Amino acid sequence: MMNRRDFSRTIGLGMVAAAASRGARAATPAQPPARNVVFVHGLFADGSCWTEVIERLQAKGLNCTSVQNPLTSLPDAVAAARRVLDRQDGTTVFVGHSFSGMILTEAGDHPNVASLVYVAARAPDAGEDYAALAKTYPTPPATAGIVFDGDEGRLSREAFLRDFAGDLPADKAEVLYAVQQPFMKALLTGKTTRAAWRSKPSFYAVSTQDRTINPELQRFMAKRMNAKTIEIEASHLSLISQPDIVAKLVLDAAGQA
């Protein structure tokens, strides 16, 4: 049996060890808040789709850049994003919507990237066939609205207004439909070779009324990546219909919530 002297000595050593541990943690500097945010858009859109969120983050002093995704192939899209990430002068939050989650997943290992924010976005694993994964969930209505002119695809007007931008005022949705950028079929065949979300802090905004990417699929991907997850009662375009909520999530990812 331990006597009183040994017991007191053991407790004392434990307190010293605990204090040393706290001191070691305190001596490790915390990563400073990110000052840069790089956005990437998905299909049926262009870089201006992030305008509402960018305005709110600029008001908080963040440096924002929206990549113009060429929508030609996954390697082209990743290269365009990497060029913008190269230009950042410090830690950066990398934010993607819809298809551009593929770009976050592939290019998010860039040394300037501190965290990843997926907004109703694809989040495949390395080498995963995203189309096959998506087929394990009910097909969202917008899929039937994709039309092709040869190798060039876009959303029909009806599908865009109803299934892509369903919670936006009709006049605003019409403007967005008018400026949607076509994508090339080759873009859809690309597979990621890495999964940045396995090594970078990740955040995910699920759109609960989404008719473009199944909300249950979004929840699965967010849970798999162990992301800090929020749910927004919004269409696929939560970044336009609910920019305050999306901007707050980005601020959280930047360490400035």
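**Close-up 1. An open sheet of three strands in the predicted model.** The strands follow the order β5-β6-β7, and their pairing is antiparallel. Because β5 (146-149) and β7 (183-184) each have a single partner strand, they stand at the edges, and one side of each is left without a neighbour in the sheet. Strands of a sheet pair through backbone hydrogen bonds, which may be arranged in a parallel or an antiparallel way.

**Close-up 2. The pairing of strands β6 and β7.** Strand β6, which covers residues 152-155, runs antiparallel to β7 and is joined to it by two bridges. Within this pairing, E152 has M184 of β7 as its bridge partner.

**Close-up 3. The aromatic pair of F39 and W50.** The model holds eight aromatic pairs, and in this one the rings are tilted, with 4.7 Å from centre to centre and 35° between the planes. The pair links distant parts of the chain, since F39 belongs to strand β1 (residues 36-40), whereas W50 lies eleven residues apart from it in the loop between β1 and α2 (51-58). Both F39 and W50 are buried.

**Close-up 4. The aromatic pair of F44 and F183.** F44 sits in the loop between β1 and α2 and F183 in strand β7, so that the pair links parts of the chain 139 residues apart. F44 is buried, as is F183.

**Close-up 5. A cluster of rings, and a lysine over one of them.** Ring pairs link F44, F148, F160, F164, Y177 and F183 into a cluster. K185 lies over the face of F148, at 4.9 Å from the ring centre.

Terms used: Residues numbered from 1 in each chain as written. Predicted model: local features only at pLDDT ≥ 70, side-chain atom pairs only at ≥ 80, totals over all residues. Heavy atoms only, no water. Pairing = 2+ DSSP bridges. Helix = DSSP H or I, 4+ residues; strand = E, 2+ residues; numbered from the N terminus. Phe/Tyr/Trp six-rings, centres within 6.5 Å; stacked < 30°, edge-to-face > 60°. Buried < 20%, exposed > 50% of the residue type's maximum accessible area, 1.4 Å probe, protein only. Lys NZ or Arg CZ within 6 Å of the ring centre and 35° of its normal.
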